[in-house]
Amino acid sequence: MDFKPNKKLGFGLMRMPTTEPGNDAAVDVEQVKQMVDLFIERGFTYFDTAWMYNGFASEGVAKQALVDRYPRESFTLATKLHAGFFDSLAGRDEVFNAQLKKTGAGYFDYYLLHGIEESMLPKYEEFDCFNWLLKKKAQGLVRHAGFSFHDSAELLDDILTRHPEMEFVQLQINYLDWESRWIQSRACYEVCRKHSKPVIVMEPAKGGTLAHIPEAAEKLLRDADASASVPSWAIRFAASLPGVMVVLSGMSSIEQMEDNTGYMSDFKPLTEAERALCFRAAEIINSQIAIPCTGCSYCTSGCPMGIAIPQYFSIYNEDMREHLEEKGWTINFTNYDILAGKHGKASDCIGCGQCESVCPQHLTIIDYLKDVAKHYEG
């Protein structure tokens, strides 16, 4: 591939800072501009966006913070076509043309069929999206064609066998999901290696889960290297894998940008001993996590009751790590009430299943919302 990023860290524009709590679309553009400036100043070039990120605002922010402010050939921009936002052959082009307009990019360095899984694949095939993407490449509107993937290694192997023209795959890879029977990070990665496809890594810190880990797991990593931040272990784990082209981090603050670009500017792969520590930390984390949500928010935009699903799951996970029999109450009961004042309560769920149909983690969201409601609403 002729335009690989010169450094392995990519800026994922999906968890950008906002000016209004609970409103993902209210992006703090001025802070994002500062983050973009620091990212580029330190030699990084890869930016990843998508149609629905940050409440459908992400591609427009990419224009304001990046495209309008830097020469086009000085950075790499990736975006995606999601099966949930077109229902005809013409619909594919309507989305694509709108993305060109929203970003002002002129072309996309990397373009992905978004979040392929068993339930979505028939739609991509029905509307001939693989060939459609190759035509965009022939027209010079896309430089590299690929897809992101959320399903089994067996299905991934089948897709790459039938579509060897796809140049790269974006996978969820992190040390917590490495042996997960649902995510199958290791198995899917090995399929890509088998087909000689470069890998772009998403969710290396599992939506912040691996930035805020249980005390015992954090101590394990701190004792090994007191100077390394907890998230750095997760990013470096993914970046150390052979064949990984870039690791995306959905950075939400300048502080996160400073940390990530600091240790990734002169990237040093993990040693085997350090990899083993990551797996030991994963065992501790897995023993305490209640709901393995990454906070991607795919579930929220179509929720008819406006339930703040990822936020509720996040505070619920925090409480489940507490010794509630001793405390009886935590600040998250207040946080829940504040969120519920602006969004639907967990108990408002009508069980329509929209959220579960788009969840990349295949979570039983409806059942988990019942657990949240029981905990916070009594």
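This is a predicted model: local features need pLDDT of at least 70, side-chain atom pairs count only at pLDDT 80 or more; totals for chains, interfaces and linings use all residues.
Select H15, residues 331-342, and H17, residues 365-377. Their axes come within 10 Å and cross at roughly 110°. That angle lies between 65 and 115 degrees, so H15 is roughly perpendicular to H17. Two packed helices are described by the angle between their axes and the distance between the axes. The crossing of H15 past H17 is left-handed.

Now show the side chains where the helices meet. On H15, pick Asn-332, Phe-333 and Tyr-336. On H17, pick Val-372, His-375, Tyr-376 and Glu-377. These residues make the contact between H15 and H17.

Next stop: the nonpolar cores. Which residues of the largest core touch the most other members? Select Phe-147, Phe-149, Leu-156 and Tyr-175. They belong to a core of 92 residues. In soluble globular proteins, nonpolar side chains tend to be buried together.

Stay with Tyr-175 and display what surrounds it. Leave out its neighbours within four places in sequence. Tyr-175 is then in contact with Leu-210, Ile-213, Leu-221, Trp-233, Ala-234 and Phe-237, among others. Cys-278, Phe-279, Ala-281, Ala-282 and Ile-285 are also on the list of contacts for Tyr-175.

There is a second, separate core, with 25 residues. To find it, select Cys-303, Tyr-316, Cys-359 and Leu-363, which are among its members.

Move on to Asn-260. It sits in helix H11, residues 254-265. Is Asn-260 buried or exposed? Its relative accessibility is 5%, so Asn-260 counts as buried. Setting aside residues up to four places away in sequence, Asn-260 touches Leu-9, Ile-235, Ser-249 and Met-251. Look closely at Ser-249: its side chain makes a polar contact with the side chain of Asn-260, at 3.0 Å.

Finish with two backbone angles. Select Asn-54, in helix H2, residues 53-56. What is the phi of Asn-54 near? It is near 45°, a positive value in a residue other than glycine. Asn-54 has a relative accessible area of 5%, so this residue is buried.

Last, go to Ser-196. You will find it in the loop between helix H8 (185-194) and strand E7 (199-202). Phi of Ser-196 is near 55°, again positive in a residue other than glycine. With a relative accessible area of 62%, Ser-196 is exposed.

Key. Residues are numbered from 1 along each chain as its sequence is written. Side-chain values use heavy atoms; hydrogens and water are left out. A nonpolar core is a set of buried Ala, Val, Leu, Ile, Met, Phe, Trp, Tyr and Cys residues joined through side-chain atoms within 4.5 Å. Buried means under 20% relative accessible area, exposed over 50%, partly exposed in between (1.4 Å probe, protein chains only). Contact means heavy atoms within 4.5 Å. Helices (H or I, at least four residues) and strands (E, at least two) are DSSP runs, numbered from the N terminus. A polar contact is a pair of N or O atoms within 3.5 Å; within protein, one must be able to donate a hydrogen and the other to accept it, and residues adjacent in sequence count only if both atoms are side-chain atoms. Axes are lines fitted to C-alpha atoms, for helices over the stretch in contact, and angles run from 0 to 180 degrees between N-to-C directions. Angles under 35 degrees count as roughly parallel, over 145 as roughly antiparallel, 65 to 115 as roughly perpendicular and the rest as oblique. A crossing is left-handed if the near helix is turned anticlockwise from the far one by less than a right angle, and right-handed if clockwise.
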